[in-house]
Structure formats: structure tokens, C-alpha cells
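Take a guided walk through this model, one element at a time.

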Amino acid sequence: MFCLRVRRVVRHSEKVSTLILEREVPSKPGQFLMVNVIGYEEIPLSLSSPNSITVKAVGETTKALVKFKGGEILGIRGPFGKSFTPSNRALIIAGGIGIAPLRYLYHWLNAEVTVFYGARSRDELVFLEEFEDVHVSTDDGSYGFKGNVVQLLKRSNVNFDCFDRIYCCGPPVMLKSLYELLKKNDALKKSEFSIERFMRCGIGLCGSCVLENGLRVCREGPVFRGDELTPVFERSLYKSHEDR
Amino acid sequence: MEVGRLNLKNPIMLASGILGSHVGSLNRIAKQAGAVVTKSVGLEGREGYKNPCIVTWECGILNAVGLSSPPAKDFARELRSFNKTCPLIVSLFGSNPEEFVELVKIFDFADGFELNLSCPHAKGLGLEVGRDFDLVYEIIRKVKGKTNKPVFAKVSANLDYVELAKVCESAKADGIVAINTVRGMAIDIVSKRPVLSNVSGGVSGKAIKPIALKCVWDIYEEVNIPVIGCGGISNWKDVVEFALAGAKAVQVGSAFYHSYDVIGNILEGLNSYLRINGLRFEDLVGLAHRR
């Protein structure tokens with residue numbers, strides 16, 4: 001474990017902040033840190049650039065984090081996990097705070113990138129101005145297409161054959177719908193999903209984040225090839241948009 | 001090979017507490033392991049301690065997960081889809097004989113049981129039970145009366161383990177597993193507070209190998225039931241050392257930090273060593289004790 005000071009905080013909205021760390025962490029997009037918020041808990045967070053994490057206030061610890069002002073010290077373990085892999089023609093599909101690792105990827109890729117980005121409402125869309133070719137949806141219609149990002153993809157008649165990699169990150173229900181859509185289009189093998197599970201050790205020992213097929217989210221993941229997730233999405237508690 | 005009436009596929013087992021909460025990881029490890037031991041389970045679910053509950057340092061790992069586990073009945077349902085490519089040993093924790101007996105009934109499909117008398121960081125459980133030798137005797141007697149499956153007692157190095165091993169033997173335990181993690185802690189010098197949310201925890205990995213080896217040696221000298229070595233084993237040479245000290249089998253845990261396939265890798269090296277020396281694994285057991 002080591003410590004890093006938060007240099008500056010960008011408060012995107014009431015619930016979302018980006019914490020800029022005092023130095024870069026040698027890493028690749030898709031990798032995560034175990035961040036110990038002293039006085040609260042240690043939680044896994046994706047890097048949103050080599051020197052930042054982007055957090056949405058959900059639990060007690062993340063609620064404290066988004067209110068940081070800069071100057072605070074964080075305990076850090078990592079970076080851990082497998083990263084996204086490079087490509088030449090990329091499609092990025094993000095839902096909500098799932099944009100965090102994909103934003104790092106967007107700037108890291110030396111490729112032509114198309115972004116599909118969905119959120120609940122306009123104020124939850126972060127980093128939007130950084131993307132060139134971006135298609136946006138919001139659940140409440142406050143910006144872009146009214147609906148979810150998978151509906152927007154279907155509506156836009158996206159031809160998945162045009163891309164050599166499809167990168168996905170977002171809430172479970174979105175990922176499940178996306179999995180089904182990509183499967184139907186025979187694009188699972190060239191897609192990469194960053195997924196979340198409750199995590200304790202982050203180093204592949206405790207077994208908290210093990211998937212149905214034995215793969216560990218913290219070691220073999222959090223980025224998995226679409227076809228590796230068949231046992232996760234095809235027999236479990238995951239619900240798609242259609243099932244709701 | 002038989003160890004305490006348990007038929008092992010090979011002498012390398014998965015230690016309790018590592019990757020043992022879900023059947024997905026157990027199924028994967030079972031393909032290589034001589035047997036797998038699940039994460040310890042009690043009648044009621046336990047959330048465990050808050051993160052940080054695990055930290056690594058130069059010589060090993062320090063953890064205070066706090067016996068987090070689902071309720072026994074839920075875990076039993078999970079284990080029903082175990083692939084049976086090796087024996088399944090369920091590790092149990094409880095605070096009195098009745099709880100252990102109840103647990104044995106719930107997991108009647110297991111191939112054996114390991115009694116957790118040694119977790120160093122759970123109030124009223126593990127090591128705190130293991131300290132009370134009369135209670136340990138009662139627990140093992142009652143559990144043995146309820147099942148004919150092999151029952152192993154996992155002991156701590158943080159107490160008089162030789163005396164405890166003798167108590168376990170007199171209560172007719174089928175074997176002793178030595179050792180669990182050793183009590184320890186870490187303090188963060190920047191925040192100037194203990195790193196683990198529980199303040200102290202258990203040390204595992206390379207740091208405790210010599211401690212575990214000495215425990216196996218001592219217990220082997222004093223009891224006749226099989227000893228299963230556990231503590232800091234990360235390669236085939238460690239396994240040979242533990243066998244020479246008297247271990248009839250070993251358990252591997254923290255070394256999974258290096259590879260998911262660590263048991264397969266150890267077996268490869270071990271089998272080469274045995275072949276070159278013209279020995280069977282059984283020939284090594286306790287060999288270093290000869291005078």
C-alpha cells in the first residue's frame with residue numbers, strides 16, 4: 001500500500017466528482033485501484049486517466065469522496081486487473097459512471113472512436129465535451145435521445161461490423177441488454193466488458209468476486225471478452241432492459 | 001492416497017479461506033488439487049470486517065476478513081453444484097458443540113470436515129474456541145458421534161499446539177491441520193493508524209513458513225494421527241520440506257496470489273523430484289526425524 005494526495009477535485013455534479021491525484025499511476029485503461037478512504041472503507045475504483053478517479057456518490061464512502069476538496073490523502077493499492085486491449089476502429093458504449101474507465105481508454109487509444117453514452121439525466125453526463133463523435137441518450141430526455149443507450153444503438157442501426165473492438169461499461173442491466181444485442185450481431189468475440197462485483201482483497205485470494213465460471217473479476221477481469229461472460233449473463237440474477 | 005480416512009487425489013490441497021466462497025473457483029481448483037477445503041462457514045451468515053481487510057507486504061499477506069460467509073443453508077445450496085473432481089472438505093466454525101453438530105448435518109454431502117479452531121480475528125470463534133481444550137474435546141467428540149466422515153482440526157501456532165493436538169487425538173480426530181494464520185498487524189505511517197479495519201489480523205505467506213514447519217515437526221513427534229501442513233507453502237520444495245517434517249499432505253493458500261494454477265505447478269515439480277529420487281510421496285513423510 002502507498003499513499004497519494006488528491007491535488008484537485010472537479011465536481012461535475014452533486015453526485016459525481018473527479019479526483020485528480022498528485023501523480024500518475026503506471027497503468028492501462030480498465031485497471032482499477034483499491035482506494036482506502038481513511039475513516040471510511042477501502043473500495044475498488046476505476047482510473048479515469050493515469051492520474052484520476054471519477055466517483056459517483058452511492059454508499060457512505062463514495063459520498064465522502066465526492067465531497068473532497070483537494071489536499072486529502074488516500075491509501076492506494078494497485079493498479080490491479082486486466083485492461084482493455086487496443087484497436088484501430090473502436091466503438092465505446094458507456095452507461096452512467098461506466099464512462100470513467102472508457103474515458104481513460106478513449107484518450108489512450110490511437111484510433112478512430114465512436115462513443116455511445118447514456119445516463120439518467122443531463123447532469124450525470126460527464127466528460128461529454130471531450131468526445132468528438134458522440135451519441136447521447138438520457139432516460140429523462142433532458143439531453144439527446146430519450147431512452148437508454150441500448151435503445152439508441154438499435155435505433156441508430158449501428159453496423160457492428162465496422163468496428164474491430166467494442167468496449168462496454170455500465171450498470172448490470174445495461175450490460176445484459178448489450179450482451180444480448182452483441183450476441184445477436186455475432187460481435188461478442190470482439191467486444192470487451194468491464195464488469196463490477198463486490199470485492200474485498202483485489203488480488204485474487206478472498207474469492208468474493210468470483211464469477212459463475214470461476215474467473216475472478218479482480219484478476220482475470222474486470223475487463224472480459226464478451227464470450228467469456230456467457231455463464232454470467234445467461235444464467236443469473238442479471239436482468240436486461242426487456243426483462244424489467 | 002489416504003490421509004486420515006480421506007482419499008486424496010494427490011497430497012496438495014486448497015487451504016480454507018482462499019477462493020472458497022463460490023463453487024466457480026472451487027470447481028476450477030478441484031481439477032488440480034488433491035482436495036479442496038471451502039471457506040469456513042457457520043450457521044448464521046457473517047458479514048465480516050470492513051475493507052481494508054487484506055494487505056500485502058514484502059514477506060506475505062496480512063488479513064482480517066473476519067470469517068465472512070453466507071448462512072450455512074445458502075452455502076450448502078451453492079456447494080451442490082461442486083464438480084466432484086476431488087474430495088470436498090467443508091470448513092466449519094462455531095462456538096459450541098451443538099453448532100458444529102448442526103453444521104455437519106447441513107453439509108452431509110461433504111467428503112470430510114475441517115474444524116476451524118484457529119482463525120485469529122473473530123470474537124468467540126476460531127482461536128478463541130481453540131484455546132479452551134475441554135471445549136475442543138467436546139466439539140470433536142460430538143461431531144465424530146454425528147458423522148463417519150473424516151474430521152480434521154485446524155490449529156493455531158498462537159497457543160500450545162502440541163497439547164491441543166494431543167487433545168484432538170484423544171477425541172478421535174482423523175488428523176491435524178497445522179497451522180492457520182499467525183496473529184499480526186500493520187500500521188500505516190502516513191495516516192498513523194492501523195491498516196486493517198479490525199486493527200489486527202492473521203499473517204500468511206512466506207513469512208510463516210518456518211513457523212508452520214516447526215509446528216508440523218513438533219506435532220508429528222507427539223501424536224500418531226496424520227498431520228496436514230499449511231503455512232507459506234508456495235513451491236514444490238516447500239512441499240518436500242513439510243513432508244520431511246512429517247506432513248502427510250499439505251494445503252496451499254496465499255500462493256494463489258501468484259497463480260490460479262499454483263497447485264498444478266507445484267505438482268509438476270514435486271512429481272519430477274519424486275521420480276528423480278525414485279521415491280513415493282509417502283516415503284518422504286517424517287523422514288527428517290530419523291536419528
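Which side chains meet in a salt bridge of 2.9 Å, N to O? They are those of B:Lys214 and B:Asp218. A salt bridge here is a side-chain nitrogen of Lys or Arg within 4 Å of a carboxyl oxygen of Asp or Glu.

This is a predicted model, where local features need pLDDT of at least 70, side-chain atom pairs count only at pLDDT 80 or more, and totals for chains, interfaces and linings use all residues. Residues are numbered from 1 along each chain as its sequence is written, chains are lettered from A and ligands numbered from 1 in the order in which they are written, and side-chain values use heavy atoms, without hydrogens and water.

B:Lys214 and B:Asp218 are four residues apart in helix H7 of chain B, so about one helical turn separates them. An α-helix has 3.6 residues a turn, so residues three or four places apart point the same way. Helices (H or I, at least four residues) and strands (E, at least two) are DSSP runs, numbered from the N terminus. B:Lys214 is partly exposed at 45% relative accessible area. B:Asp218 is buried at 15%. The cut-offs are under 20% for buried and over 50% for exposed, with partly exposed in between (1.4 Å probe, protein chains only).

H7(B) covers residues 209-222. Its 14 residues should span 20 Å at 1.5 Å a residue, and its end C-alpha atoms are 20 Å apart, which agrees. The expected span is 1.5 Å times one less than the number of residues. Its buried residues include B:Ala212, B:Leu213, B:Cys215, B:Val216 and B:Ile219. Among the elements that cover the buried residues of H7(B) are helix H6 (161-170), helix H8 (236-245) and strand S16 (247-252) of chain B.

B:Lys209 pairs with B:Glu241, with the closest N and O atoms 2.6 Å apart. B:Lys209 lies in H7 and B:Glu241 in H8 of chain B, so the pair ties together parts that are 32 residues apart in sequence. B:Lys209 is buried at 15%, while B:Glu241 is partly exposed at 33%.

Helix H5 (residues 133-146) of chain B holds B:Lys142 and B:Glu138, four residues apart. Their side chains form a salt bridge of 3.2 Å, N to O. B:Lys142 is partly exposed at 39%, and so is B:Glu138 at 35%. Over all chains the count comes to 22 salt bridges.

Now the loops. B:Ser40 sits between strand S4 (35-37) and strand S5 (54-57) of chain B. B:Ser40 is buried at 5%. Its side chain makes polar contacts with the side chains of B:Ser91 (2.6 Å) and B:Asn116 (3.0 Å). A polar contact is a pair of N or O atoms within 3.5 Å; within protein, one must be able to donate a hydrogen and the other to accept it, and residues adjacent in sequence count only if both atoms are side-chain atoms.

In chain A, A:Ser27 lies in the loop between strand S2 (16-21) and strand S3 (32-36). A:Ser27 is buried at 18%. A polar contact of 2.9 Å joins its side chain to that of A:Tyr104.

Finally, the surface. B:Ile187 lies in strand S12 (residues 187-188) of chain B and counts as exposed at 53%.

How values were computed
Contact = heavy atoms within 4.5 Å.
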